[in-house]
Structure formats: C-alpha cells, structure tokens
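This report is for a reader meeting the structure for the first time. Please look through the sequence and the model below before reading on.

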Amino acid sequence: MAEPQVSLHDDQPLLVADHLGKNYGRLTACRDVSFALYPGEVLAIVGESGSGKSTLLQLLSAQLAPSAGRVSYRMRDGVLRDLAALGEAERRFLFRTDWGFVHQDPAQGLRMAVSAGANVGERLMAVGWNHYGRIRDTASSWLERVEIDTARIDDAPRTYSGGMRQRLQIARNLVTEPRLVFMDEPTGGLDVSVQARLLDLMRNLVSELGLAAIVVTHDLAVARLLSHRVMVMKGGRVIETGLTDQVLDDPREPYTQLLVSSILPA
Amino acid sequence: MTAMIDITNAGKTFVMHLQGGVELPVVRGVSFQVEPGECVVLSGPSGAGKSSILKMIFGNYRCDGGRIGIWHRGAVIDLATAEPRQVLSVRRSTVGYVSQFLRAVPRVATIDVVAEPLIANGTARAEAREKAGALLRRLNIPERLWALPPSTFSGGEQQRVNIARGFISDLPILLLDEPTASLDAANRAVVVELIGQKKREKVAMVAIVHDDEIRHLIADRIVDVTSFAAAA
C-alpha cells in the first residue's frame, strides 16, 4: 500500500483552526470547523461543489475574514499567532515566503506574459534576492525539479501546455521553501495522464521538503495519493474526518459512503 | 514477555447507509495475543472476517469497541482509539502490511516502490535500492523489469513486488494477507523462507493463508475466526 509519510518529530501544530465559520448574510458557507495541522502533514478537504471547501481554504489562508472563530499559525519564531491579528509585514512574509498557494487555474497563480524564469525568480526577489545569476540558476534548477525543459526558461507560460503551467506554478510556490502550501483542486483542469504525472511529482516534493499542505479536491483518488488525513465536508460542515485510508476504506457517514461508492472503477 | 499484539474484545460492524442502513456485523469479541517471533494464522471460511481483523490491526478499519494494543516504541498504544498521527507513526516504525494487491503510484519504478519504506525511515537511497534489488532477485523478478513501474506486470509479479516491499523493512510486526495466493511453488517456497527469517528476527506476524501446506509450514498457532462470528 503506497502511502505518503508524515514527519512526527514536531509535536506542535503549525496551523490551528478553532470553531471557524463564515456567513454571507443569512447564508452559511462554512461553520464550526476545528482541527490542527502538524508540520509535514497533508490534509485533504473533500466534498462536492458548494460544500464549503473552497471557502474554508480561503479562511485558512487568510484571504477571507471569518465570521466566527479563528485561525492561528506558528510563525518561524515558534509563537502561535492569530492570523487576524497579524501586522502587514507579517502577512506579507506569509504570502510571499512561508506559504504557497497553488490555484486550480495556473493563470491565477502565474504571470502569463512574463518568462517562466521570471515567474519563479519573482518570489525570490520579493524576499530580497538581488543577484541575477543566482536567481536564474535557482529558477533553472526548480524548472528541472518540476520536469520542465530548461531550454524553455525564457518562454512565457502562455506558450506552455496546461500540465507544464501547473508544474511551473508549483515551482514558483516552492522556490522560497514554504512550510505550508494550500492547493485548490491542483489537478482540476488536466487530462488524466497529465494528472498522474503531476500527482507523483507533488507527492515526492511534499515528502522531500517535509511540507505541510492543505489540498482541496473533489477527487478522492487525489486525496488518497497525496494526503495523510482527510476531512469530508457537506453543507458547510465537516461531517467526517480521519486517516485518509480509514475514511476511504471504511467510511461511516452516509454522505461519505455515497462519495466513495460513486467512484467509477478504472 | 510483553505481547507485540494484544487484542481484547474488538468488534466491527459495517452500517450500509446506501442500503437503507442495513447493519453488517463482521466480528465481535476478537481477543488474542501475538508474541515476538510468533506467526499466528487466522483460519475460517471466506467472509468470516479474517481480512477485517488484519485491517483493524493496521488501523485501516476502525473498531466499534474493544482494544487493539500494539507494542510501539517501548510502550503499548491502543490503535482502536489512536489519533491519525499516531496510527501513521505505528505504521512507519512498527506494523507492516502485505496485502494481496499492489496499489502502486503511477510512474514509480519497481525498485523504488520496494525501496520506499526504507527510504522513508531514513535509510540512504543507494543502500535501500541495494536491499530492494536483493529481495527482488530472491523473488525471481528479472533485473530488466526493475526500472519499470509494476502496473504493467502480471498478477504474480505484482504480488512478489508487494511482498518485497512488505518484507524490506525491519518492522517488529507484519500482517500478511494471503502472501502466497497467486504464486508458483518456487516463489511460495521463497515466501516461506522469508517468513522463517522474520521469525528468527523475532518479528510477530499475523497471517491469512488458504493453502494448507503453507499454513502448516508457517503457523505457530492457529486462531479460529469463526469463534468471533458476529452473527452467532
């Protein structure tokens, strides 16, 4: 049984969600979500469209302010801080360095008109790198790591295929050595063969770099391959949670059983 | 001596919500122990719950009640109530599982599929691959196949890759779900040898084997699963 590995050396959570909720007027998008994510741990949030999983991801990554509860994150100094109380400089540090965000649509996470090298280098420049040669070397080695031919370093991602764009987006995110990566349907718009390659790549990178990740997906196969733990959402609530293979092989809730039984055999 | 596995009164019932909430009792009152260096074989007809018990010991199926004590890093941990992180830790350093079927990641070479559990536990890649190669050779997987992903292999070859992957680590507990099911006589004999070697290394094992001859060769004790029949 191939399963991702989790580092258990760190016994302090990296991110803590505490009774998190979000309302839009009278509409509840997400309510009462609590969990702790540990360093090196990959959590999948699964559920169908409208289940609240994307709203939750935005709350967790401080792109949306919660209506209730809070999200805390352990900064590099070891102190657990409420995201809502961070200053602008600290937020910038999280967004530019310590976190990555992989969007379903690479066009949202990349600058489509500038070169691939610049897309990767930009994150480095944002954290103070200024030596052109070093930036280019680092960008080039990251392109290799995500299996993009370095001869394409000066081409803009709009000339890339969907799978290449997604791999470039991953390189751009990981170049600053983040500790936590948020992924929103990372394999969403890709062909199945391209998906498999991307999943394999992500799985290796996550385990080599000891990254923590929160992956939103409606695809249970993605959850199985990438995550240690899974949360199943329905109607804005977490209805079932546990070790990924437990939840997928021994689902308890009616809705989870429905999701698992709806997978078409290959 | 402390038992490596100490199960007390564990039970499992599936509730099938999509079939009108019908309850499918699998086992109840499961109680037995396994000592270091001992191979316990579960016996009983198909559907008696043998595989379910193995999956409960691996933390893959959740228990409704009871206790699954595992000797893990110098203390007993109850897998029936453990947190996901603890279950992963137990799988990483204590309990290995060899299923009948290989669930491989696409694109990963056979040799790396086999070496992965060692690498994950901190063994250097070169050393892990060397051990993986030795096991694959012993299990008669030709070297020209090692660089290929096992997804295209025959059922028997895939099972041998799976066995190599399961036996490569030095974990103190191994769960074997029909490890010889689709193997020829020569390869069955290799698996019997591997199990004997694990016994000498004081590994505690729980196995399901349908072949009477193999059972006779590996079992130190037989636990009859029909005594845990939930429907009785």
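The model is a predicted one.

**Contact between the chains**

Chain A contributes 23 residues to the contact and chain B contributes 21 residues. On the side of chain B that touches chain A, the most is given by helix α2 (residues 84-93) of chain B, with six residues. Sorted by class, this side of chain B has eleven nonpolar residues, five polar residues and five charged residues.

**The sheet of chain A**

In chain A, four strands make an open sheet in the order β2-β1-β4-β5, and the pairing is antiparallel. Its edge strands are β2 (27-37) and β5 of chain A, each of which pairs on one side only. From one strand to the next, the twist averages 25°.

Strands of a sheet pair through backbone hydrogen bonds, and the pairing is either parallel or antiparallel. Strand β1 (residues 15-24) of chain A runs antiparallel to strand β4 (residues 68-74) of chain A, and five bridges join the two. Opposite A:Leu15 in this pairing stands A:Tyr73, a residue of β4(A). On to the next pair: β4(A) is also paired with strand β5 (residues 80-82) of chain A, in the antiparallel sense and over three bridges. Here A:Ser72 has A:Asp82 in β5(A) as its bridge partner. β4(A) and β5(A) form a hairpin, with five residues between the strands. In the turn of this hairpin, A:Gly78 has a positive phi of about 90°.

**A hairpin in chain B**

Strand β1 (residues 5-16) of chain B pairs with strand β2 (residues 22-34) of chain B over nine bridges, in the antiparallel sense. B:Ile7 is placed opposite B:Phe32, which belongs to β2(B). β1(B) and β2(B) form a hairpin with five residues between them. The turn holds B:Gly20, whose phi is positive at about 70°.

**Helix packing**

Two packed helices are described by the angle between their axes and the distance between the axes. The table gives these values for one helix pair from each chain.

| Helix pair | Residues | Angle | Axis distance |
|---|---|---|---|
| α6(A) and α7(A) | 162-174 and 192-209 | about 10° | 10 Å |
| α3(B) and α4(B) | 110-120 and 125-138 | about 125° | 8 Å |

How do α6(A) and α7(A) lie to each other? With their axes at about 10°, α6(A) and α7(A) are therefore roughly parallel to each other. Their crossing is right-handed. Residues of α6(A) in this contact include A:Gly162, A:Gln166, A:Ile170 and A:Leu174, while those of α7(A) include A:Val194, A:Leu198, A:Leu201 and A:Leu205. By class, the contact of α6(A) with α7(A) consists of eight nonpolar, three polar and two charged residues.

In chain B, the angle between α3(B) and α4(B) is about 125°. α3(B) and α4(B) are therefore oblique to each other. The crossing in which α3(B) passes α4(B) is right-handed. From α3(B) the contact takes B:Ile111, B:Val114, B:Ala115, B:Leu118 and B:Ile119. Among the residues from α4(B) are B:Arg125, B:Ala128, B:Ala132, B:Gly133 and B:Leu136. Nine residues of the contact of α3(B) with α4(B) are nonpolar, one is polar and three are charged.

**Two single residues**

B:Ser93 lies in helix α2 of chain B. B:Ile173 is 80 residues from B:Ser93 along the chain, and their C-alpha atoms are separated by 9.3 Å.

A:Leu94 is found in helix α2 (residues 88-98) of chain A. Within 10 Å of A:Leu94 there are 19 other C-beta atoms, so this residue is partly exposed. A:Leu94 and A:Arg179 stand 85 residues apart in sequence, and the C-alpha to C-alpha distance between them is 9.6 Å.

How values were computed:
Residues numbered from 1 in each chain as written. Chains lettered and ligands numbered in written order. Predicted model: local features only at pLDDT ≥ 70, side-chain atom pairs only at ≥ 80, totals over all residues. Contact = placed C-beta atoms within 7 Å. Nonpolar A, V, L, I, M, F, W, Y, C, P; charged D, E, K, R; others polar. Axes fitted to C-alpha atoms, helices over the stretch in contact; angles between N-to-C directions. Parallel < 35°, antiparallel > 145°, perpendicular 65-115°, else oblique. Left-handed = near helix turned anticlockwise from the far one by under 90°. Pairing = 2+ DSSP bridges. Buried ≥ 20, exposed ≤ 12 C-beta atoms within 10 Å, placed from the backbone.
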